[in-house]
Amino acid sequence: MSKPLPAVDFLKIPDQGDPYLEGHKCGACGSIYLDAREVCSKCGERGKIAATRLSNDGHLYVFSVVYRSFPGIDVPYVSAIVDLEGGGTVKGNLIGIEPDPAKIKMGMPVRVVYKDALGRKDREGNSYLSYFFEPR
Amino acid sequence: MSDVYVVGIDMIKFMKAGTGPAVEQLGAQAALMALDDCGLKIQDMQALYCGNLGQADAMVGQRVLQQIGQTGIPVVNCANACATGATAFREAWMSIKAGVNDVVLAVGVEKMGAGLLGGGGGRKGIPREGLLGSMTMPAVFAEAGQEHARKYGTTFEQFAKVSVKNHHHSTLNPKAMYQIETPLETVMGAEMIAYPNTKLMCSVNVDGSAAAVLCSEAKAKQLGLMKRAVRVKASVMTSDPWQERDLVMPDVNTCTRIAAKKAYEMAGVGPGDIDLVELHDCFATAELLHYENLSLCKDGEAGQLIDSGATSIGGKIPVNLSGGLLSKGHPLGATGIANIYEISTHLRGEAGKRQVPNARLGLTHVIGLGSACAIHVLEKVA
Ligand SMILES: [Zn+2]
């Protein structure tokens with residue numbers, strides 16, 4: 001079976017070692033972006049942005065439990081925004097916890113885990129690896 | 001620079017998404033109503049500023065003129081997400097401020113589809129919705145509300161009260177899409193879309209249009225239109241400045257705060273001077289955020305403000321007397337001008353059962369996600 005593709009460009013799957021999330025950090029002001037870019041949109045510096053490996057540990061900033069989505073998308077699920085330790089904020093599904101607003105605590109520690117992208121495949125039938133958050 | 005006045009303004013009754021006529025006919029209806037409101041003709045207009053989102057690349061303004069009079073005037077088509085109508089209005093205002101024109105028409109119009117907005121996807125690879133969280137609008141604004149809940153303990157019930165209030169207001173507005181009371185238990189018990197937003201806490205997709213005739217002071221006096229004129233005391237737009245969580249969490253707060261501060265300065269008034277507000281309640285969660293963003297209360301006190309009834313009809317600072325986007329409806333490109341219609345109607349003393357007694361100053365606010373914020377402060381003249 002061929003290697004899965006990353007669900008997003010900032011998910012890196014090295015030939016050796018574990019997958020990770022990659023940010024792009026401004027050397028002038030420290031802002032972190034999820035895409036490669038020339039110019040920092042916070043401070044305007046050019047050419048000072050370099051790739052950096054983001055932490056797999058973070059804290060849940062906010063969430064919503066989504067009960068209605070587009071056709072074919074399983075609900076309910078937890079849409080979560082997570083601040084990673086050392087910088088960078090990412091959005092994804094929070095799993096490994098009941099999708100019940102009363103049970104999910106904003107600020108709770110979570111970790112980034114890497115799993116198959118819910119069985120979703122592209123037109124060519126390729127599998128994808130995605131990232132999720134789990135309570136830690 | 002001349003002060004700018006709204007001399008004619010109107011909106012059609014908003015209708016179920018997809019049931020209206022073609023977009024140019026929809027826009028033409030409001031345009032003619034606004035012209036009739038001030039007794040002017042399309043031949044009197046020196047320019048048309050047209051806001052529409054769904055057909056932003058399809059010359060909607062010119063097509064409106066093809067319905068009501070092809071006089072050869074310049075037409076500017078504007079698209080700016082949910083701030084589209086307000087952007088068209090502001091461009092019209094600016095052309096008079098600049099002394100280029102002295103009487104112009106602004107039209108906002110939208111034909112909407114049904115169902116969820118946002119989500120996106122469709123790029124290469126696989127769909128991301130429900131895999132990397134949700135980018136549907138109800139979820140995005142749920143998360144924005146949750147940020148407030150996280151900081152201040154705002155409750156589901158407090159968010160839901162916004163919807164109870166706005167639906168109540170709309171029972172007094174014959175131009176609203178709905179005129180239905182929705183008690184708290186109905187709002188909270190409605191289908192949960194994205195916690196804490198239930199179906200009744202999401203704005204209604206509708207077809208709609210609104211239009212305004214704007215005039216310089218000299219022209220308004222010459223035409224004898226000052227009696228029902230409404231002075232534009234402030235017109236401000238902002239985009240969203242850089243924020244730490246920008247990439248995954250649109251920030252509707254900062255651009256509103258900056259715009260509000262500038263608008264109060266430009267108008268030379270404070271939030272305490274404002275008699276009524278139409279703000280961008282695209283979701284019930286959003287309204288509470290904007291109470292604080294517009295300085296209607298202190299930070300952290302939005303929950304108490306809705307609990308106190310101050311923003312309901314008869315309260316200290318009524319908000320969204322039209323029924324808001326939650327019940328009047330939200331035709332994206334028309335919303336910014338429809339809000340100005342609501343405020344103008346109160347300032348003219350013509351708002352019927354929902355009239356704010358002796359209203360002198362009103363404020364309108366819209367947010368287009370992405371983001372564009374527009375605020376107008378309007379003042380009674382006569
Ligand atoms: Zn920088």
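How much area do chain B and chain A bury between them? About 3400 Å², with 62% of it on carbon and sulfur atoms; buried area here is the accessible area (1.4 Å probe) that two parts lose on being put together, summed over both.

A word on the ground rules. This is a predicted model, in which local features need pLDDT of at least 70 and side-chain atom pairs count only at pLDDT 80 or more, while totals for chains, interfaces and linings use all residues. Residues are numbered from 1 along each chain as its sequence is written, chains are lettered from A and ligands numbered from 1 in the order in which they are written, and side-chain values use heavy atoms, with hydrogens and water left out.

**The interface**

Chain B puts 36 residues into the contact and chain A puts in 44, contact being heavy atoms within 4.5 Å. There are three salt bridges between the chains (a side-chain nitrogen of Lys or Arg within 4 Å of a carboxyl oxygen of Asp or Glu). One of them pairs Arg245(B) with Asp83(A), at 2.6 Å from N to O. On chain B's side, helix 4 (137-152) and strand 6 (192-194) each supply at least two residues, and helix 4 gives the largest share, eight residues. Helices (H or I, at least four residues) and strands (E, at least two) are DSSP runs, numbered from the N terminus.

**The zinc site**

Over in chain A, Cys26(A), Cys29(A), Cys40(A) and Cys43(A) coordinate the zinc ion through their SG atoms at 2.3 to 2.4 Å. Donors are N, O and S atoms within 2.8 Å of the metal (3.2 Å for Na, K and Ca). The spacing along the chain reads C-x2-C-x10-C-x2-C. Cys26(A) sits in strand 3 (residues 20-26) and Cys43(A) in the loop between strand 4 (32-33) and strand 5 (49-53) of chain A, so the pair ties together parts 17 residues apart in sequence. The arrangement is tetrahedral because the four donor atoms subtend angles of 105 to 115°; the rule for four donors is that all angles lie between 85 and 135 degrees.

Most peptide bonds are trans, and most residues other than glycine have a negative phi.

| Cis peptide bond | Omega | Where the proline sits |
|---|---|---|
| Val75(A) and Pro76(A) | about -5° | loop between strand 6 (57-66) and strand 7 (77-84) of chain A |
| Tyr195(B) and Pro196(B) | about 5° | loop between strand 6 and strand 7 (197-198) of chain B |

Ala81(B) has a positive phi, near 50°, and lies in the loop between strand 4 (75-78) and helix 3 (84-97) of chain B.

Note on methods: Tetrahedral: all angles 85-135°; square planar, octahedral: opposite > 155°, others 65-115°.
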